[in-house]
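Visitor: I would like to know how the labels on a structure follow from its numbers. Can we go through some of them?
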Amino acid sequence: MLRLQARLSSLCHGARAKMPDAARSKTQYGYNLPPGMGRYSSSQPQAKPDEKIQKLLVANRGEIAIRVFRACTEMNIRTVAIYSEQDKMHMHRQKADESYLIGKGLPPVAAYLNIPEIIQIAKENDVDAVHPGYGFLSERSDFAEACTDAGIKFIGPSAEVVYKMGDKVEARKAAIEAGVQVVPGTDGPVEDVEQARYFCEQYGLPVIFKAAYGGGGRGMRIVRNMEDIEENFMRARSEAEAAFGNGALFLEKFIERPRHIEVQILGDRYGEVVHLYERDCSVQRRHQKVVEIAPAPKLSPDIRAKMCADAKRLATHVGYENAGTVEFLLDNSGQYYFIEVNARLQVEHTVTEEVTGIDLVQNQIRIAEGRSLKELGLQQEDVNLQGCSIQCRMTTEDPARQFQPDTGRIEVFRSGEGMGIRLDSALGFAGAIISPYYDSLLVKVIAHARDHPSAAAKMLRTLKEFRIRGVKTNIPFLLNVLEHEKFLNGVVDTYFIDENPQLFKFYPSKNRAQKLLHFMGQTMVNGPQTPLATNMEPSDVIPTVPDIPYVKSAPLGWRDVLKKDGPEGFAKKVRDHKGLLLMDTTFRDAHQSLLATRVRTYDLKRISPYVTHRFNNLFSCENWGGATFDVAMRFLHECPWERLQQLREQIPNVPFQMLLRGANAVGYTNYPDNVVYKFCDLAVKHGMDIFRIFDSLNYFPNIKVGMEAVGNAGGVIEAAISYTGDVSDPMASKYTLQYYEDLATELVKAGTHILGIKDMAGVLKPRAAKMLIGALRDRFPDIPIHVHTHDTACAGVASMLACAEAGADVVDVAVDSMSGLTSQPSMGAVVAALQRTELDTGIQLSDVTNYSAYWEQTRNLYAPFECCKTLKSGNSDVYINEIPGGQYTNLQFQAFSLGLADQFEEVKKMYAEANKLLGDVPKVTPSSKVVGDMAQFMVQNKLNAKMVEERVEELSFPVSVVEYFQGYLGQPPGGFPEPLRTKILKGKERIEGRAGESLPPIDFEGLKESLEERHGNIIREVDVMSSALYPKVTDDFLEFREKYGPVDALDTKMFFVGPKMAQEVEVTIEKGKTLSIKALAVGDLSKAGKREVFFELNGQTRSVSITDEAASKELHFHPKALKGVRGSVGAPMPGTIVDIKVKSGDKVEKGQPLLVLSAMKMEMLVTAPCAGTIKTIHVEKSMKMEGDDLLVDIECE
């Protein structure tokens, strides 16, 4: 590349040296601009036969090549395209009549700078004119001269004018000679850093480096500090060499807060020049124009007239022929300065065409054919302005990542259209490949209307209609610009973007349909994205929802009582109620016990309206908390907060109840108190009503934290006692009736609204139930009592009836098809048993039957998680081992999956022994996990309790067991068993009292900033809370949601196992928006290890590219940077490594340059994200990188 650039530079200087002096000194007259010429008029004068262009080659690519081809086609001129190896599939070559490969073996940009080969192609194919477009060779005088020498017309100014105007130093001289005021600057190119430093000392800062042989923001750097001169000089020169084949720079004083105004001119060979008025190009980023407007809004007529006159005077002075642009900076005082001439067609020529009705490209060609402006009907007095036009440059850049260029395949392209809208593009189609080799421009969108606000409205509407998927675009940024009050007002300066950070606050496009296709494709190629527990298949049956009559409002329920009377009044009304009230656990604990907590919001929402209308007299619906919180994110890829909110919308009249693990909230560890308080506050705001608060060790200080948090949030406090043992056993000495009465007394004194009994293992026998509930009722006659149990021993219905008879106000049940075994007792059985008695529940058995039918069908959708795969019946041995219901299922399944089914009986026996070793504790999450871990440890190591005690000092115990003895869960009833505790801890830290009490508060704002740094500005308050509870799970969930979208909208079988081929499904992503999807085919494996998966979406074919994970293991790919690891530095954009500034072992400071990456003719400095030591450099110079490829590993300090 460097050799080629050097050769091009020598050719350029050689061409200038050969230019005859006569040619240099010959006076050439300018040209006048075209007056009101009809838009795209075909009634133009014909060229002389000997000058008529028959075949034209465009020495360019992309949308400008297509723009010229279209003009030629209208003029019956045959067209020729050239294309590089990287552009073989590019649209511009297909739009031409002929196309030829150029620059084989050369770098991508160099191919289009290969003058000899372009001339050779033109001569071999009888081309009689060349249009340079913009960029590349468009401002190279040696190219213009080479065309002329070959007898080929150059569509543009003469070589001499291209030389004078293309060299910004020469252009300054010409402007001064013509009497046009210029910005102070160097007389010639800056040779070195010292010369640049001298200029800065003489004129002061700020200054700006500019490429002498090109524009478009390439090779431009502003310097505000003397110490930055060298770095900016090197970067600007390197960019200029890469973009224009010559790194020459000049330096000028930087004008603060200017408007960038440019005047479009046209000149003929007969000395006439006209202007086509001005354009405002002040909306810029990194000196590159983003939005252009014609005419400049609110520009005074006097300044407009003077500026246009100066543009014409300069063009006339240099003998300008063809199209060009004279650019000015306009300061706040109304003073303007000439800065440069672009001796070519501009990217933004389109807005001038719209407001004048003049086809600039066709007139360029006609002028090259020898026509005069007069013959073309382009007199100055006839050029009139017609309304306002705005152009937006839509690019494949990600504004959320500092506009890093994005690459890849456009999966979806749907454009905005309509009256007053013009689109100029070359890659505006699905399937187009966006490469890292060229400019990131995707589409030029041009709006034309009667005035600036109307044009802005059209543009805004059009951009919102665009749907582009597969690559990032700057559309969100453009929308912010167009909606900004200052832009709509019409006057902005070049500081507009820098001074309005709100422009960079984006609402990312949802892109839901394409993300769902990616998820479905991923499932089809790589299998289920939620691990399936068994080989059982989900059912094909779509569960039938029972009919309910249409009514405008839900019938009154107990939640209406709560909203009217508050928690205390609600509790009083519950206590005064005569019949037995029921809590339905079907929405949570039932499926946690039977289906591994895998039931999705999709199926809960479907049956919710039926619950609203047929079960409005339920005490509550348990639907949240406990394991459902993290499982929703971890395995179902749903937001638990959204589940709560959506169910509340569907069931407005029944109180919602959740399980709160005291100081553990819904986690498995201790949290700072502010986390528990904030969690409860958010839960109430999202629709939660009643909190069953417990501690796995019945440790009152932990329960009290939860009670206070719920009370502060305005929720109903149901403080619960975890039941274990057997109060009916006269030999019991630890968990006696007195123990429970004393604990209940503490809870009532602390302010509980309802007293809960949580029999998590289902060991509360009917006789014990009467004794316990009877004693509590006598002790606390005014406090409602709520009892929870599991039906593991199949005695649950009898126990709950005994509780009701003894004075319980509420008992827990599950609908029949989701009851029994390790779930709760049958709702239908309890309802039927109490019909026509004083304790009648008020629920109709027929309603229960219909409700049960739905869940019976739904349960078959969750066959891969069905507990009945291993659990075939109830087990009365639970009275011995006291294994909680949900844990019983999990332990049995683990034994089966590990091939230890024959040892499950041993695991149950060891569970009882482990419990005794640990001090005979209440067993509920997380204490039950400690006992379970200890039991499995003992079975695996063939230990019994006695052997553990004998060998305790030589054994390595599970972490959960060690932390239990340290006191992380709290203090167990009766204290820790000694000397076992001391021997297991071996001197480790002991926590006396409540563990969470000593934890520092969580900084929620800091946590939010951290999440936004990793996941973007989409973080909600609930995401912060989820992260405070489950950091890694939340990170994974947010990444999954961003990648795959609203997978919770898919039906359950589709979610678990994906679609069958040719299966048609409908997916409702929001009210009134339903997608129709059909899977069509899965393609063969590509060299990159990917498969293309084809779908039909709403009748249109779409495809997604999916990495085959199994096949990719055999292929080598460059490693990716680790997300969230500060020292793992990834490529910010696809590109090529051009410079490495560090080596392994170097000490670096935060922000220190590490390497330079080049892509799309732009260089980016990659800096250290932290201070530390360079561990490994994973790249070499000239390596081509993809986005997020690992560059450097830093060991951060």
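Visitor: Which residues does Glu252 touch, leaving out those up to four places away in sequence?
Guide: This is a predicted model. In it, Glu252 touches Arg172, Val183, Pro184, Gly185, Phe199, Val207, Ile208, Lys210 and Ile339. Glu252 is found in strand β8, residues 249-253.

Visitor: Why is Glu252 called buried?
Guide: Its relative accessible area is 2%. Buried means under 20%. Therefore Glu252 counts as buried.

Visitor: What makes the pair of Glu252 and Lys210 side chains a polar contact?
Guide: The distance is 3.0 Å. The cut-off is a pair of N or O atoms within 3.5 Å. The pair of side chains therefore qualifies.

Visitor: Which residues does the UniProt annotation "binding site" cover?
Guide: The unreviewed UniProt entry gives Lys168, Glu252 and His287. Lys168 is placed in helix α9, residues 168-177.

Visitor: Is Lys168 buried or exposed?
Guide: Buried. Lys168 has a relative accessible area of 4%, and the limit is under 20%.

Visitor: Now the rings. Why is the pair of Trp558 and Phe570 called edge-to-face?
Guide: By the ring rule there are 42 aromatic pairs. In this one the planes of Trp558 and Phe570 stand at 85°, with the centres 6.0 Å apart. Pairing needs centres within 6.5 Å, and edge-to-face needs over 60 degrees. Both conditions hold, so the pair is edge-to-face. Trp558 and Phe570 are both buried.

Visitor: Why is the pair of Phe865 and Phe1056 called tilted?
Guide: The planes of Phe865 and Phe1056 make 55°, and the centres are 5.2 Å apart. Stacked is under 30 degrees and edge-to-face is over 60. Phe865 and Phe1056 are buried. Ring pairs link both into a cluster with Phe519, Tyr862, Phe1040, Tyr1044 and Phe1055.

Visitor: How do you know that the charged end of Lys765 sits over the ring of Tyr879?
Guide: It is 5.1 Å from the ring centre. The distance limit is within 6 Å, and the charge must also be within 35 degrees of the ring normal. Arg93 lies over the face of Tyr83, at 4.1 Å from the ring centre.

Visitor: Where does Tyr83 stand in the strand pairing?
Guide: Tyr83 stands opposite Leu101 in β3. Strands β2 (residues 78-83) and β3 run parallel, joined by 4 bridges. Pairing takes at least two bridges, so β2 and β3 count as a pair.

Visitor: What makes β3 and β5 edge strands?
Guide: The open sheet has 5 strands in the order β3-β2-β1-β4-β5, with parallel pairing. β3 (98-101) and β5 (153-154) each pair on one side only.

Visitor: How many residues of strand β27 are buried?
Guide: 7 of its 7 residues, so β27 (716-722) is described as mostly covered. Val716, Glu718, Ala720 and Ser722 point one way. Ile717, Ala719 and Ile721 point the other way. In a regular strand the side chains alternate between the two faces of the sheet. Strand β26 (residues 690-693) runs parallel to β27, with 4 bridges between them. One of the partners is Val716, facing Ile690.

Key
Residues are numbered from 1 along each chain as its sequence is written. This is a predicted model: local features need pLDDT of at least 70, side-chain atom pairs count only at pLDDT 80 or more; totals for chains, interfaces and linings use all residues. Side-chain values use heavy atoms; hydrogens and water are left out. UniProt positions are given in the numbering used here, feature names are shortened, and annotations may be inferred rather than shown by experiment. Buried means under 20% relative accessible area, exposed over 50%, partly exposed in between (1.4 Å probe, protein chains only). Contact means heavy atoms within 4.5 Å. A polar contact is a pair of N or O atoms within 3.5 Å; within protein, one must be able to donate a hydrogen and the other to accept it, and residues adjacent in sequence count only if both atoms are side-chain atoms.
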